[in-house]
Amino acid sequence: MSTNVVDVTKKFGDFQALYDINLAIEDGEFIAILGPSGCGKTTLLRMLAGFESPTSGTIEINNTAVADASFSVPPEKRDVSMVFQGFALWPHMTVADHIKFPLRYDQFAAYELKQNMSQRVGDVLEIINLQDKGEAYPHELSGGQKQRVSLGRAIATEPQLLLMDEPLSALDAELRIEMRREIQRLHQITGATIVYVTHDQGEALAMADRIVVMNKGRIEQVGTPEDIFYRPETEFVATFVSKANIFRGWWEGDAFHVADSSVVLANVGTTDALKASGIYALRPDQIELTDVALNDLTAEVLTRQFQGKEYHYSLNLNGQTILVQRPFTDVYEVGERVGLRAVAG
Ligand code: ADP
Ligand code: MG
């Protein structure tokens, strides 16, 4: 069983929000859809939920077509739950009421769950760690607790497909990191397929089995977090996910000739796809700083930041700002000229 997006495009009037989207999601997978604001993540998620239909192409859930250009199964008739960007809680309803709501009204709630509703509410409260908050109202809860209620409501009916649209964006930085673990645990306990939309690289890399990187309505790359981080196939993925520095020039085998110079850099793990685009992408940890005399590619130190085990440098390379991370033993001063060399990160 799998969920498939096949040749999907989406237009809003003259504006095309999605182009040629193809994606096969395996049962039980945790998929992150990662990309900057406006790239089409929410539109794609809303199509899986049934709030939007494709302009062309097909959406399949459990190998059954649920939408194409001519028909769309409405959201309540899909075995799908969505967690929205805000918490979307009802102020006059208790935590337990929020969990009961889909059990009462969702057609996909199994008969056993409906019959044993108070048992199911208790189980869900335990999963979301709010055992003693069943009778509390939203205004009595912290941000993290509200977020757990909205997760609990989404999993109450044991949906096969759980859609989350930037569910942590309303929380402060520390709580966001903590909630990553809760969502991972939720995935382990429920076994549900999760499609998780985020613009936060750290969230996607930390939680997902596979990441779909989107840019301007298109999929740039699909892969494991390790693939996406270490083996980017496009300039966009290299800069957006790995914060890589981009050098212009041309490849000759494993030698990269830097444009407008006689400098040649050694290859430290560039994919063929990225080579074909004629750039060299080096993450901040893939650049070594050396004495000027040892190197033809030289730059001036602009800033240095102490980060515990590392220093983070910014350098001026002929007008281009280069970011470099070095171990705390590599100390260079602001204003100093240093050589740059590619090293395996
Ligand atoms: P993201 O979630 O990645 O920030 P969205 O999917 O919300 O992006 O939006 C993608 C693009 O489609 C944006 O340019 C947005 O303005 C546009 N868009 C989304 N929904 C509509 C709509 N209902 N009508 C017109 N344009 C829309
Ligand atoms: Mg969005």
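Q: In which element is the place of D20?
A: The place of D20 is in strand 2, which covers residues 15–26; strands are DSSP runs of E with at least two residues, helices are runs of H or I with at least four, and both are numbered from the N terminus. This is a predicted model, in which local features need pLDDT of at least 70 and side-chain atom pairs count only at pLDDT 80 or more, while totals for chains, interfaces and linings use all residues. Residues are numbered from 1 along each chain as its sequence is written, chains are lettered from A and ligands numbered from 1 in the order in which they are written, and side-chain values use heavy atoms, with hydrogens and water left out.

Q: Why is D20 called exposed?
A: The relative accessibility of D20 is 55%, and a residue counts as exposed over 50%, as buried under 20% and as partly exposed in between, with a 1.4 Å probe and protein chains only. D20 is therefore classed as exposed. Its phi is near 40°, a positive value in a residue other than glycine.

Q: What makes D260 count as exposed?
A: D260 has a relative accessibility of 83%, and therefore it counts as exposed. D260 lies in the loop between strand 12 (255–258) and strand 13 (264–266), and its phi, near 55°, is again positive in a residue other than glycine.

Q: How do you know how many aromatic pairs there are?
A: Rings of Phe, Tyr and Trp (for Trp, its six-membered ring) pair if their centres lie within 6.5 Å; planes under 30 degrees apart count as stacked, over 60 as edge-to-face and the rest as tilted. By this rule the count comes to twelve aromatic pairs.

Q: What makes the pair of Y311 and Y313 tilted?
A: The centres of Y311 and Y313 are 6.1 Å apart, with 45° between the planes; that angle is neither in the stacked range nor in the edge-to-face range, so the pair falls among the rest. Both Y311 and Y313 are buried, and together with F306 and Y332 they form one aromatic cluster.

Q: How do you know that the charged end of R304 sits over the ring of Y311?
A: The charged end of R304 is 5.1 Å from the centre of the ring of Y311, and a charge sits over a ring if NZ of Lys or CZ of Arg is within 6 Å of the ring centre and within 35 degrees of the ring normal. The charged end of K243 likewise sits over the ring of F240, at 5.9 Å from its centre.

Q: Why does R180 count as buried?
A: R180 has a relative accessibility of 16%, and so it counts as buried. The place of R180 is in helix 6 (residues 173–190). Not counting residues up to four places away in sequence, R180 touches L168, D200, G202, E203, A206 and M207, where contact means heavy atoms within 4.5 Å.

Q: What makes I128 buried?
A: At 2% relative accessibility, I128 counts as buried, and it lies in the loop between helix 4 (117–127) and helix 5 (143–155). Residues up to four places away in sequence set aside, I128 touches I99, R148, V149 and G152.

Q: Why is I279 called buried?
A: I279 counts as buried because its relative accessibility is 2%. The place of I279 is in strand 14 (residues 279–282), and, leaving aside neighbours within four places in sequence, I279 is in contact with residues including E235, I246, W251 and F256.

Q: How many helices and strands does the protein chain have, and what share of its residues counts as buried?
A: The protein chain has ten helices and 19 strands, and 50% of its 345 residues count as buried. Of the contacts with a separation of 6 or more, 62% are between residues 24 or more positions apart.
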